[in-house]
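Take a look at the structure first, then follow the notes below.

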Amino acid sequence: MNSAVSREIRSIFTLYAGVLGNGMSMGYSAIAIPDIKQELLHHGANSTSLFDPIETSSEQLNWFASSVNIGQLFGALIGGFFASAFGPRKAILIATVPNIIGWLTIAFSPSIYFLIIGRIMVGVGSCMLSANCSMLVSQFSSTSRRGIFLSLFTLMVSSGVLLVYMFGAVLNWRIVPVVPVSILLFHSCNLVFIPESPVWLLGHSGVKEAREALQWLRGTDDVEVELDNLRKVQEKQESALSLCEAFQNFTHPDVYKPVLLVVTNFILTMMAGPFAIVFYAVEIFQATGVQVDKYIATIIMGFIRVLGGVFAIFFIHKVPRVMLAAVSTAVMGFSMGLLGFAMFCQHVKYEFPGLTIIPLVAIILYTFGFGAGSGPLQWVWMGELIPPEYKVFAGISTSIATAAVFMVTLIFPTLSSYIHPHGTYWLFSAVCFLTCGFYLILMPETKGLSILQIRELFKKKENLKADESLKK
């Protein structure tokens, strides 16, 4: 392996080490909440010697699980500001501070309120990182490897979820934060030795600094062609519209249609419950009564999520977008319907051979469907459908998606209590099939189209309607 490739890989996986920590923050509540309840139930018998059990209620634990999304809402805004002012690499480096402090606050927390504060801080840090990671990966990657490296983002998040499930199976919930803190320390120490974003340097420090960054990344002095391309990218970024300007143009069909499609897709996908399953995985398996250890079952689910991410790299490259999304959400809908059926049978005390294994099979199918299709596709469509100069709407769409995740993860336990688990899973199933119909009826096929062709697609639809009305 030559020095150029090794530097490229080192830089990109340094960034993705932080994303691995983000995945751990997503799955952490699944392993922490059962432990906290168990310690409280046994009056500290299973808690660490230094701390008393956390006095809390089920409602407060729901807030603990979902509060990471509150931090993410603020983290996206803060991350964008810091990236503009100091550079994306420095913004990611700064993000490790609230991230590490948040994890340490959780580990040493004396009460549920400190737990929630810690989760919010972790959410702020994780979203500051996520808001800038893909952009840096795109700039650090050579053209031939860019697509592969960018597609690893979701896979690294899934790997982080799997990692926290594995450590949560063998370690106390207060000890598990040592792992993401160690990863983040490794991540931040290595960030110091990689260059800043060449595009940011070009606009803020000058051509000389941007050229030196590219020469370090590519391992060659011959970077003038790429430097010229970066100048064009910078010109496009400088033409990006402000929030007020973007909303003034929102009445244009090639603006409001793609934005509404992206936002609707985010809301429907999140309302289908994938993050409720991730955030409460251990408790869900505990409630289903599967004949497998609940932690082992959760690890299997995490592994399937990673496997789905691996398949997604191939599927997104080979399969039409709409077909992949429709099939994956149909699989998710069938799986949630099957899980609801199994839980209903348990509710009415109707038993038959194989009943206890159905929930595990259903959740595995659901997790694979999300990871291999609709999960990564929501981010692909956001990048493809929203015009580059309207990137402000991408930030708004992400915030709406985060708010949807917050709402679903917060009300999931309450919903399960009011309409029972089987009713909740049937509701998720209905949303999945509704989303499938949304893809088949409204979502345009974008595979193989350039950004310009996609934009023209919305303009043509509007022009066709105008022509038809004139004829009438």
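A salt bridge here is a side-chain nitrogen of Lys or Arg within 4 Å of a carboxyl oxygen of Asp or Glu. E196 and K90 form one, their closest N and O atoms being 4.0 Å apart. This is a predicted model, in which local features need pLDDT of at least 70 and side-chain atom pairs count only at pLDDT 80 or more, while totals for chains, interfaces and linings use all residues. Residues are numbered from 1 along each chain as its sequence is written, and side-chain values use heavy atoms, leaving out hydrogens and water.

**Overall fold**
- The chain has 20 helices and 0 strands (DSSP runs, H or I of at least four residues for helices and E of at least two for strands, numbered from the N terminus).
- Of its 472 residues, 53% are buried (under 20% relative accessible area; exposed is over 50%, partly exposed in between, with a 1.4 Å probe and protein chains only).

- The structure holds 4 salt bridges, one of them joining E196 and K90.
- E196 sits in the loop between α7 (178–191) and α8 (198–204) and K90 in helix α3 (residues 88–107), so this pair ties together parts 106 residues apart in sequence.
- E196 is buried at 5% relative accessibility, whereas K90 is partly exposed at 35%.
- E283 pairs with K37 at 2.7 Å between the closest N and O atoms, linking helix α14 (residues 281–288) to helix α1 (residues 3–41) across 246 residues.

- K208 and E212 meet at 2.8 Å, N to O, and both lie in helix α9 (residues 207–218), 4 residues apart, about one turn.
- K208 is exposed at 52%, and E212 is partly exposed at 40%.
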